[in-house]
Amino acid sequence: MTASAQNRPLRLGTRPSALAVAQSELVAERLRAAGHAVELVTVSTSGDRSAAPIPTLGVGVFVSQLRDALVADEVDVAVHSYKDLPTAPDPRLVIAAVPPREDPRDALVARDGRVLGELPAGATVGTGAPRRVAQLEALGLGLRIVPIRGNVDTRIGKVTAGELDAVVVAAAGLRRLGRIDEASELLDPLQMLPAPAQGALAVECRAADTALAALLAQVLDDAGARAAVTAERAVLATLEAGCSAPVGALADVVSDLTDDGRVVDRVFLRAVVGTDDGALLRASATGDLDDVEKLGAALAAELLDIGGGSDRFDADASDHDAAEGGPSSTGGASGNVQSGVDR
């Protein structure tokens, strides 16, 4: 930060949606509690302004204007839903902090408080995420999936108005908006793996602002959350699918016992990817905490191997959201990979 910048509040850039503002306020509150003045600056993105289907808008549609505002020195910090970020890094910027992660699971909001297994065959379930579509269809419940877009109010409103029997949204969005009680079920990751980095925030600043980056890391960064999302997004990057693919991934930091009796933290990573022919490819692995990127890459390579190559995957299916078994002990970066195919 320049000397003049130190004399004014930190300008924190956020999308204008209710959820984005709520997420940004969480970050702002922690900075204020640490003694730093913060003001929110709303930046509208092309994704916010368009009603077109997400796959037609391209990767990074919810973040590009925020990043441009950072580079133009219109804001000092930007807060993103981490899963909205392209997997390729922007050399102008740095993700200075990943705050503690909110609930990464998906949530079902259904009429009459029904859980997923209580929905009758033919029930209409709204979601705009092909990842969710693929996993819902794999459950074999005979549900009719309806594509939808919009914020939390819009999506849940389709249920309360009787247009849909249920919708699937991110539990993190409901929690941050204080609406988690409206969920009739939090979906077990064994049924539906979330999008990589779902529930996590990315706090970004200019790469040249090293003092600010250090401040953000000190106040906000959570090492476990950063490790988990790094592993999950490495799956995406290795699949060369960016954030536009029917891919689910979830990493958990778990305590493990070594052969000599020491307790160490490791990462247990699960992933699923849908293919053009309707199959679901699944794999899991456990690896060391300091090798999470290699762990994710190795797991993605295993998915590519069992899937017969990347041409089998649909890379045009976006997983943006307006709402927003036990591990094995192994020693290597690639861990112990377990895989399978569902049809």
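Some ground rules. Residues are numbered from 1 along each chain as its sequence is written, and side-chain values use heavy atoms, without hydrogens or water. As the model is predicted, local features need pLDDT of at least 70 and side-chain atom pairs count only at pLDDT 80 or more, while totals for chains, interfaces and linings use all residues.

I start with the open sheet. Five strands form it, in the order β2-β1-β3-β10-β4, with mixed pairing. Strands here are DSSP E runs of at least two residues, helices are H or I runs of at least four, and both are numbered from the N terminus; two strands pair if DSSP finds at least two bridges between them. β2 (38-42) and β4 (93-97) stand at the edges with a single partner strand each, so one side of each has no neighbour in the sheet. From one strand to the next, the twist averages 35 degrees (angles run from 0 to 180 degrees between N-to-C directions, with axes fitted to C-alpha atoms, for helices over the stretch in contact).

Inside this sheet, β1 (10-14) and β3 (77-81) run parallel, joined by two bridges. L12 has V77 as its bridge partner in β3. Helix α4 (64-71) packs on the sheet and touches β1, β3, β4 and β10 (contact means heavy atoms within 4.5 Å). Helix α2 (18-33) lies across β1, β2, β3 and β10, at about 160 degrees to β1.

Now β5, residues 106-110. It pairs with β8 (166-170) in the antiparallel sense over five bridges, and D106 has A170 as its partner there. Two bridges also join β5 to β9 (185-186), again antiparallel.
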